[in-house]
Amino acid sequence: MAIAIRLARGGAKKRPYYRVVVSDTRSPRDGKYLEQVGIYNPVLPKDSEDRVKLTEDRIRYWLGVGAQPTDRVARFLDAAGILERAPRNNPKKAEPGEKAKERAEEKASKAAEAEEARKAAEEEANKPAEAPAEEAPAEEAATDGAAAEIAETAEEAKAED
């Protein structure tokens, strides 16, 4: 018979309360169990002493008999110093999937294009501000041309006299 140390849920809807029980692995989660060896109340704050209560000597007995704790119960036992749990290392856990990476690349390329378009629009907006400074020599040339015409007409008038 395979024995497990696991959680059995109790409590009302959206108000969970768990018993840490030793049971046959074939029995249902909330069904028949061999012995209750602790409680877990996730509603209480994490620093509360009443959040997890374990009967250490009975747990050590069941571990000695060959009971296997579930992942969550193994965490409780490790925190209590009853059973050493090997830390897990999954470096790809926080890495996004392929589709998410593709969406991020598309978003980045669209943002880059929008930034380039914005800079081009700013440059276009700045060009007319510089244009009057460039038109000033043209105005001077026009003024010089008008002066030249006046001078020519004046010379022509003298020549006629």
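Reply: A term to start with: a salt bridge is a side-chain nitrogen of Lys or Arg within 4 Å of a carboxyl oxygen of Asp or Glu. By that rule, the side chains of Glu122 and Arg118 meet in a salt bridge, 2.5 Å from N to O. This is a predicted model, where local features need pLDDT of at least 70, side-chain atom pairs count only at pLDDT 80 or more, and totals for chains, interfaces and linings use all residues. Residues are numbered from 1 along each chain as its sequence is written, and side-chain values use heavy atoms, with hydrogens and water left out.

Me: How far apart in helix α3 are Glu122 and Arg118?

Reply: They are four residues apart, so about one helical turn separates them. Helices here are DSSP runs of H or I with at least four residues, strands are runs of E with at least two, and both are numbered from the N terminus.

Me: What network of salt bridges is Arg118 linked in?

Reply: The network links Arg118 with Glu115 and Glu122.

Me: How many salt bridges does the structure hold?

Reply: Nine. Among them is Glu35 with Arg58, at 2.9 Å from N to O. That pair links distant parts of the chain, with Glu35 in strand β3 (residues 35-40) and Arg58 in helix α1 (residues 56-65), 23 residues apart. Arg58 is partly exposed, at 28% relative accessibility.

Me: And where does Asp71 come in, with its salt bridge to Arg88?

Reply: Asp71 sits in helix α2 (residues 71-80) and Arg88 in the loop between α2 and α3, 17 residues apart. Their closest N and O atoms are 3.1 Å apart. Asp71 is exposed, with a relative accessible area of 51%, and Arg88 is exposed at 67%.

Me: Switching to the sheet. What order do the strands have?

Reply: The order is β4-β3-β2-β1-β5, in an open sheet of five strands with mixed pairing. Two strands count as paired if DSSP finds at least two bridges between them.

Me: Which strands stand at the edges?

Reply: β4 (52-54) and β5 (68-69) do; each has a single partner strand, so one side of each has no neighbour in the sheet.

Me: How does β1 pair with β2?

Reply: β1 (residues 3-12) and β2 (residues 15-24) run antiparallel, joined by 10 bridges. Ile5 is opposite Val22, and Leu7 has Val20 as its bridge partner. The two strands form a hairpin with two residues between them, and Lys14 in the turn has a positive phi of about 60°.

Me: In what sense do β1 and β5 pair?

Reply: Parallel, over two bridges. Ala4 has Gln68 in β5 as its bridge partner.

Me: How many residues of β1 are buried?

Reply: Seven of its 10 residues are, so β1 is largely enclosed by the rest of the structure. Over the 161 residues of the protein chain, 19% count as buried.

Me: One more: what pattern does the chain follow along the sequence?

Reply: β-β-β-β-α-β-α-α, with three helices and five strands.

Terms used:
Buried means under 20% relative accessible area, exposed over 50%, partly exposed in between (1.4 Å probe, protein chains only).
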